[in-house]
Every structure is written in structure tokens, then in C-alpha cells.
Amino acid sequence: MNIVRSHVLVCGGTGCTSSNSPEIIKQFNKELDKRGLSDEVKVIQTGCFGLCALGPIVIVYPEGSFYSMVKPEDVEEIVEEHILKGRIVKRLLYEGDLKEAKVATSLNDTNFYKKQKRIALRNCGVIDPENIDEYIANDGYQALAKVLTQMTPEEVIDTITASGLRGRGGAGFPTGRKWAFAAKEDNPVKYVCCNADEGDPGAFMDRSLLEGDPHSIIEAMAIAGYAIGAHQGYVYVRAEYPIAVKRLQIAIRQAREYGFLGEDIFGTGFNFDLDVRLGAGAFVCGEETALMRSIEGHRGEPRPRPPFPAVKGLFDKPTILNNVETYANVPWIINNGPEAFASIGTEKSKGTKVFALGGKITNTGLVEIPMGTTLREVIEEIGGGVPNGKKFKAAQTGGPSGGCIPESLIDTPMDFESLAAVGSIMGSGGLIVMDEDNCMVDIAKFFLQFTVDESCGKCTPCRIGMRRLLELVDKITSGNGTLEDIELTEQLCYHIKENSLCGLGQTAPNPVLSTLQHFRDEYIAHVVDKRCPAGVCKNLLRYQILAEKCIGCTSCARVCPVGAISGEVKKPHTIDTSKCIKCGACMEKCKFGAIVKN
Amino acid sequence: MNRTQVRSGKSTDKARSGSRISPQPEEKFSEIKKVIEKYADREGCLIQVLHEAQQIYGYLPMEVQQFIARSLDLPLSEVAGVLSFYSFFSVKPRGQHTIRVCLGTACYVRGGKKIVDHLCESLNVGVGDTTEDGKFTFEIARCIGACGLAPAVMIDDTVYKQVTPAKIDAILSRY
Ligand SMILES: Cc1cc2nc3c(=O)[nH]c(=O)nc-3n(C[C@H](O)[C@H](O)[C@H](O)COP(=O)(O)O)c2cc1C
Ligand code: FES
């Protein structure tokens, strides 16, 4: 066997793929081949490293040099300088804190990773997700072997219960308890399902997990199958995740070949197999009863509970459904013991949580932090703060079911209880940062539009109520609202929450309620002063040219699509507000800061 | 609710972009027939069949729906009902290329709306429509998983990052 002296890890997650990482892999193989190094140096396509903003990312081991924003043209230099001559290509290093110090051997030395603790993401960016041997080399399928040969189903459930693991899909239900309910049912046919529908627009951790470490999900589902007495599992994935679907299918095939799925696993007589089912673009299918209807091939409409799926779920059989990230924790818990997991996090929220950091933040990407880490640590230390010298205004968690956390509460610990206490939720882990340029009423409207589009239409409070709610908020943002409208909005929110059939409607008013709670003054500014403080709501905007700053360069007049700007060359220009469509093109164009909106 | 207009899709589906030139309808029907045979004895396979049929045919017009209903021995209303529920399925023919502007939260916060407004105007189409020359179908996506690169736009299978109205014009001129 050849001795491989160097490994080149190239991120093949969706973010980096869109930044051209496949071409980089091709280039590496070509350059290595040219120099006869193909046997000594191995190029591996991994899952997401988390730092998507700086992609494509390449890490060269054994040095652990972390190269960011690599272009195909850079590959030759890396091969020639680093791999051949052992000289690290400094100009491509991630500039966080690695550049000065001698190159760190581990990612953990960077600010971005220092505060993170990677349990669910333990293999993402470390192994080749399309190669089962790499997963096995990192303790893969050890937990399944241990469970099948040394533990009873009850012991497995007790272990998960003792770890304090709670569902990562949104509601935070204790996983061990859920499994125990299904295990109690006396039925020869039961099912294990995995929710990979990832509906929150702005969250992509489930996708990254499936792309970066699909075997951990397969292993965990087999463990769950053993625990509750099921022999068939389904993974429900969005059809819009082609890379994830492909890798999952490869992984299932490999697991079958190795005998980790199928009949008589590890010679223990336990049978378990998995199927992938594709979603088709309906947010409500993330809800558990709707998801099961969809796997059955019907319209994904939810139904009232009880009966709960643990009693009567898929094809009317006892079924458990867990989120991708929930499953990803399971093998780790079995291998490291429930105490190790329970020692991380807060009293009621154990372990870690993965967040997708996005919006107005320097280091966008995926982060996994111990529960109870404060929002401030996530934003200022891991996330590198708000870019362009702007001021942090709020963080949105929980997507369309969640809320906004204002700057005054930036020291809130990120765990289930604390987030609920400030009027938001943990949700599936989307974390969108907003700065002073974002209007909170507009953000609330954004989520309402989403839920109105995605309401399945089965129950009236959600189908009609949400539409009325959107109209009210729209009235406010267009400057026609009154103080009574704000009251009415609030009341309607509570009606919808109390009377909707499923979690979609029950949580859809949350973005409005939480912005009303923390940013009521912005709503009032819209209706009383007819002003949008952040300068977002178009109807309330007026663009103006400051005569003392305008030098008459005419570039604004030329860029204006409707000819609303006039003036002589080298003399201050003016905007005809009756013609202005408030597109903002002039303001972007002006180099002298002479155009303002208010 | 207008499901054909706003798609909650994150990212690519080859279904919509590809296979415009290739086989004649009869061949396509026999391909669909094969798919149906493959799934015949599996419970709840309708959605999977629709996925593959759309991949083969490009979209799912009434003839295709009738064909699937007959072959699976289902009422047409069931097939049409399921199909219309999911925004991923399309009953209209599509343009040569699909432009999908992301309006997920991260992209929205970073100005995705401006790109939508700009394209509506410059292409002279509404969201969900196809340009008159049949070149582009213009849609909105909810997060294409490139939140770190917001605002993102996807044309067929290619993701463009940190797009501005000016940049998108330059990008489109290459198609
Ligand atoms: C409208 C709606 C959408 C949901 N979307 C998702 C989703 O995309 N992913 C997910 O894991 N859970 C989602 N859930 C939560 C699921 O219903 C369910 O609680 C969860 O998958 C259970 O897994 P867990 O206990 O591991 O969290 C959604 C719930 C509702 C009401
Ligand atoms: S929000 Fe646009 S890619 Fe995620």
C-alpha cells in the first residue's frame, strides 16, 4: 500500500460547490498527476467546514493550513510551493488569526472555531462523505455494533433519556421519551423516519449534515429502529437538495454492502433497511403528520393530534420522527456515554446546537456551540460582528415560527428556555443577523408572506387569518395604518395562534408578536409619523439631494430609470418626488453622499 | 395562495432545466411507463413517479397526468390534487433557462428584493412567468443553501453569489 504523506481536503458542500470547488479538485488532481504525486497526496472532497463566506476552502494536512477563497488558478501554486517545497502559501491563508502566528495545526485555533464544540458536525469537513471506510475509521458504526451486541432496547432508550437529548427540529421534545412511547406500542410493524425537509428559509444545517456525514444519520436511524422495534426507516429529504440526496443514496448502498443495513445486521438477527423519499417543495410537510401523509404519496396536509405518530403514524403504524441533527448526536452519545453529553449545555438544554449564521454578519456559515452560549459570543466572537461598521439591531431565530431578539437582550443564552423567555424560539437553527438598515416591520411582513404562501389551506384561521394579518401589516408599511390597526394586528395574532390546526398556524404570528414586543416604536413610527426609521418601506421614503454636497456630476440623473432627476451640469440637481419610484439607484451611484433618504 | 408562483425550493433541480432537445413525446411516454413499472408494487409512490416524470418530460401537462393516473389506476383528481399541492411540480412549459432569485431570510435581509424588482422590470415578466421569447422562466426561491453568499441567484444549476442589479444584467447577457 502506498503511504500517503499529505491530504488535501476540499469542501464540497453546496456553498463551496457554487464557488467552484469541483473545478479546484480537478485542478489538484491534474497538477498532482503532472508531478507524479498522485500516490503520495490524496485529494478528498469533504462536507461543509462551516465558513461558507470564505469559500472555497482547502485544508492541507499534516500542516493543517487553512486556505480560503481559493481559485482554480491558485491550485498550481499550492501544489508547487506547499506540497512540493513545503512552503505554505501565505497569501491564501484564512486571515482571521492564522496569518501571523505560525500556522496552526488545528482549526480550533481560529476565533471562528475556538468557541465551537462539534458533536453533530464532528465528521463534517473531516471525512469523505462518499467513502464509508473513512466514517468507519472515525468510530463509525461502532455505536450500532455496541447497541446490537451489548445493550437491550430499553437500555438504549434509557441512555438517550439520560443524555437529555431534545429534538433539534424545533419543538425540543425529549428524544428518549418519544422513543419510549413508540417502543411501548405492541405492533410488529413500526417505522423510523427522519425529517430532512428543512423548511426554515435561511437554515442549512440538515443539508450540510447529509452532505458531509450521511452515515451518522443512517447509523442513528438503525439504532432507533432497534430501540423501538422497527425494521424500516424513511428519510424525507427536500428534492431541492440534489447533492444531499445523492450522497445519502451512496451511503445507503455502501451500508447495505457492508451489512450495516439489511438483514441480520452484525449477525444479531436484527433487520433494518432505509428508503429515501423526496419532498416536493411544501413547507408544511416539515410538520410531522403532514410529512407522513406526504411519504404515503398524498397531499401533505396535517391532521389533528392525538393520536400521536408514536401510536398511529406512517401507514397508521407506530412511528417516530426525528430531525437530522437530532440523529447526528445519537451515535456520539452511545460511544461517549450519556454523562459526557449531559455535561455540556445548561440544566434543561443539554449538548450543542448547530446554527446557520447569516445576514449582516462577517463570518456567515455553520457553527455548533454548547447550549447556553450567549448570543453576544456567537455574534461578536464567532461571527466576527456586523460588517461595514454598522450597528447590530436584532437577531432572528426560528425562521417563520420564531422571533427577533433585540440588541438589549444580546446576552441571552442560546437554549430552549431562554429563547422562549424572550419571545423567540430555538427553531431548527437559522440565525439571521440584522443591522440598522433593516426595518423590523418589513421583516415581520417578509415572514408573513412566506407563511401565507405556504399555508396548506386546510384550516380557516391559518388560511384566511394569515392573509388578513398580512394585509394589516402591509397597510402599516405602506403608510396607511393607524394605531388601531396595531391593536387589531396583535389581537388577530392571538386568535390565529389559538385556533390553528397545526404548528404552522400556531406559530406563524410569532414574527409579528415578537417585533411588536421589542420594536413597537418602529410600528408606531410607521403609523403616526408616517416614517420608516430604517428607510426600507418604499411608500414612506423620500429621496432628496443635498444641494451643498452635490457637485452636479450628473451621474444620478443618468442612472435614474424614470428621469426624475434634473439639473444643469456642475450645479446641484433635484429629484421630482412625484416621478421618483424610490429604487435607490441614484443613492448607490452618488460618490459624494449627496443623496439621502428619509 | 399561488403555488406556481412562489416556490419554496432551495437549490437545483435538473428536472426543470434539462432535456429540452431530446426524445420525442412517444419515447418520453414509454420512459415514464418504465418508471411506473419500477414503482408498481411500492406503497405511496405517486410523488416519486411525478418527480421522475417531470424529469423526463420537463413539466407535467394534462396528457402526462392522465397517463400517470391511468397507469397507476388512480383517479385523475388524485393525481392532479397531489401535483397542485407541491410547488416543485409545474404544469406549464418552461423557458430555456430558469432564473431563481433567492428570497430566503439571509438573502432578503441583504437586498434580494431589489434584484427581483429589477428583473421584473428588465425582463418584463411577473414572478413565475416565462419571457416572451421563451428564454427565461423567472422564479423566486426560498433559500438555496448559499446563505453565506447572499444575495444569491441561481440560473439553471449555477449559483451566482453576492449579486447586484448591475451584476445580474451582465450575467444574463451571457445566456
Ligand atoms: C410548519 C412546520 C414545519 C416544520 N419543519 C420542520 C423541518 O423543516 N425540519 C424538522 O426537523 N422539523 C420540522 N418541524 C418539526 C416537526 O414537526 C417535528 O417536531 C420534528 O421533526 C421532530 O423531530 P425532533 O424531535 O428530532 O425535533 C416543523 C413543524 C411545523 C409545525
Ligand atoms: S437565504 Fe438565500 S441562500 Fe439561504
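## A covered strand in chain A

A residue counts as buried when its relative accessible area is under 20%. By that cut-off, five of the six residues of strand β6 of chain A are buried, and the strand is mostly covered. The model described here is a predicted one.

Strand β6(A) spans residues 232–237 and pairs with strand β8 (residues 270–278) of chain A in the parallel sense, over six bridges. Within this pairing, Gln232(A) stands opposite Asp273(A), and Val237(A) stands opposite Leu278(A). Strand β5 (residues 191–196) of chain A also pairs with β6(A), again in the parallel sense and over six bridges. Here Cys193(A) stands opposite Tyr234(A) of β6(A).

## The five-stranded sheet of chain A

These strands belong to an open sheet of five strands in chain A, ordered β7-β8-β6-β5-β9, and the pairing is mixed. Strands β7 (262–265) and β9 (319–323) of chain A stand at the edges; each has a single partner strand, so one side of each is left without a neighbour in the sheet. From one strand to the next, the twist averages 25°. Strands of a sheet pair through backbone hydrogen bonds, in either the parallel or the antiparallel sense.

Thr175(A) is part of helix α8 of chain A, which covers residues 175–184.

Neighbours within four places in sequence left aside, Thr175(A) is in contact with Ile160(A), Leu165(A), Arg166(A), Gly167(A), Asn322(A) and Thr326(A).

## Helix α15 of chain A

Helix α15 of chain A runs over residues 375–382, and its buried residues are Leu375(A), Val378(A), Ile379(A) and Ile382(A). Viewed down the axis of α15(A), these buried residues fall within an arc of 120°, so they line one face of the helix.

Which elements cover that buried set? They include helix α4 (111–114) of chain A, together with strands β10 (352–359), β11 (365–370), β12 (392–397), β13 (403–406) and β14 (430–435) of chain A. After α15(A) comes Gly384(A), which has a positive phi, near 75°.

## Domains of chain A

The domain assignment divides chain A into domain 1 (6–114), domain 2 (137–342), domain 3 (352–435), domain 4 (440–529) and domain 5 (542–597). Between the C-alpha centres of domain 3 and domain 5 of chain A the distance is 37 Å.

## Make-up of chain B

Chain B holds eight helices and four strands. Read from the N terminus, its elements follow the order α-α-α-α-α-β-α-α-β-β-β-α. Of its 175 residues, 57% count as buried. Among contacts in chain B with a separation of 6 or more, 66% involve residues 24 or more positions apart.

Helix α4 (residues 62–72) of chain B has Val64(B), Gln65(B), Phe67(B), Ile68(B), Ala69(B) and Leu72(B) buried. These residues pack against helices α2 (25–39), α3 (46–57) and α5 (76–85) of chain B. Just after α4(B), Asp73(B) has a positive phi of about 60°.

## The sheet of chain B and its helices

The four strands of the open sheet in chain B are ordered β2-β1-β3-β4, with mixed pairing. Strands β2 (136–141) and β4 (158–160) of chain B form the edges, each pairing on one side only. On average, neighbouring strands of this sheet are turned by 20° against each other, direction ignored. Strand β3 (residues 153–155) of chain B pairs with β4(B) in the antiparallel sense over three bridges, and Ile155(B) has Thr158(B) as its bridge partner in β4(B).

Two helices of chain B pack on this sheet. Helix α7 (residues 112–123) of chain B touches β1 (97–102), β2 and β3 of chain B, and its direction makes about 145° with that of β1(B). Helix α8 (residues 165–172) of chain B touches β1, β2, β3 and β4 of chain B, and its direction makes about 10° with that of β3(B).

## Contact between the chains

How much area do chain A and chain B bury between them? The figure is about 4,200 Å², with 53% of it on carbon and sulfur atoms. In chain A, Ala280(A), Arg299(A) and Phe446(A) lose the most area to chain B, together 14% of what that side buries. The contact takes 62 residues from chain A and 43 residues from chain B.

Conventions: Residues are numbered from 1 along each chain as its sequence is written. Chains are lettered from A and ligands numbered from 1 in the order in which they are written. This is a predicted model: local features need pLDDT of at least 70, side-chain atom pairs count only at pLDDT 80 or more; totals for chains, interfaces and linings use all residues. Side-chain values use heavy atoms; hydrogens and water are left out. Buried means under 20% relative accessible area, exposed over 50%, partly exposed in between (1.4 Å probe, protein chains only). The arc is that of the directions from the helix axis to the C-beta atoms. Contact means heavy atoms within 4.5 Å. Two strands pair if DSSP finds at least two bridges between them. Axes are lines fitted to C-alpha atoms, for helices over the stretch in contact, and angles run from 0 to 180 degrees between N-to-C directions. Domain bounds come from an automatic or database domain assignment. Buried area is the accessible area (1.4 Å probe) that two parts lose on being put together, summed over both.
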